Amino acid sequence: MQIQSLLTPERTCSSLEANSKRRALELLAQLIAQDVPTIDAEDLLRRFQARERLGSTGVGHGIAIPHCRINNGTGAIGALITLKQPVEFDSIDAEPVDILFAMLVPEDSHDEHLKNLAALAGALTRIEFRQRLRAAGDNLALYEAAIN
């Protein structure tokens, strides 16, 4: 999986303000809904929250990969945000989160979903990749850091 196949500059946003896990998920949902008209931000937020109730998507090192299934017919969709200040996320390492990479996959693509999650988690566990994302000063720099 190539990150650029999931991400667009319009779904990449740097240095957002969020004071809670819920607010960070809300910002992600709004960012995606602004770019993909067939997705409703409130519905997407409910899906993210339902997934979080099953277990935190905080994978460690200040990273979260909120994900859910949707019926939009366009294939997998990603969005990336960084936060000015990390928020508590119930991560597996108890570290607060400042990088969130959302992934939405169609309802019927089970194998693709798991492969994309594994590839994304693998990329985000590389320290140099995380450092590039955190160093990005604006939206375009963040997008470029994510796809290169």
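Is Arg-11 buried or exposed? I looked up Arg-11 and found it buried, with a relative accessible area of 8%. Buried means under 20% relative accessible area, exposed over 50%, and partly exposed in between (1.4 Å probe, protein chains only).

I noted that this is a predicted model, in which local features need pLDDT of at least 70, side-chain atom pairs count only at pLDDT 80 or more, and totals for chains, interfaces and linings use all residues. Residues are numbered from 1 along each chain as its sequence is written, and side-chain values use heavy atoms, with hydrogens and water left out.

I placed Arg-11 in the segment before β1 (12-16). Helices (H or I, at least four residues) and strands (E, at least two) are DSSP runs, numbered from the N terminus.

I then looked for partners of Arg-11. Its side chain makes a polar contact of 2.7 Å with the side chain of Asp-35, and it reaches the backbone oxygen of Gly-78 at 2.7 Å. A polar contact is a pair of N or O atoms within 3.5 Å; within protein, one must be able to donate a hydrogen and the other to accept it, and residues adjacent in sequence count only if both atoms are side-chain atoms.

Next I turned to helix α4 (residues 127-135), where Phe-129, Arg-130 and Leu-133 are buried. They cover an arc of only 95 degrees around the axis, which puts them on the same side of α4. The arc is that of the directions from the helix axis to the C-beta atoms. An α-helix has 3.6 residues a turn, so residues three or four places apart point the same way.
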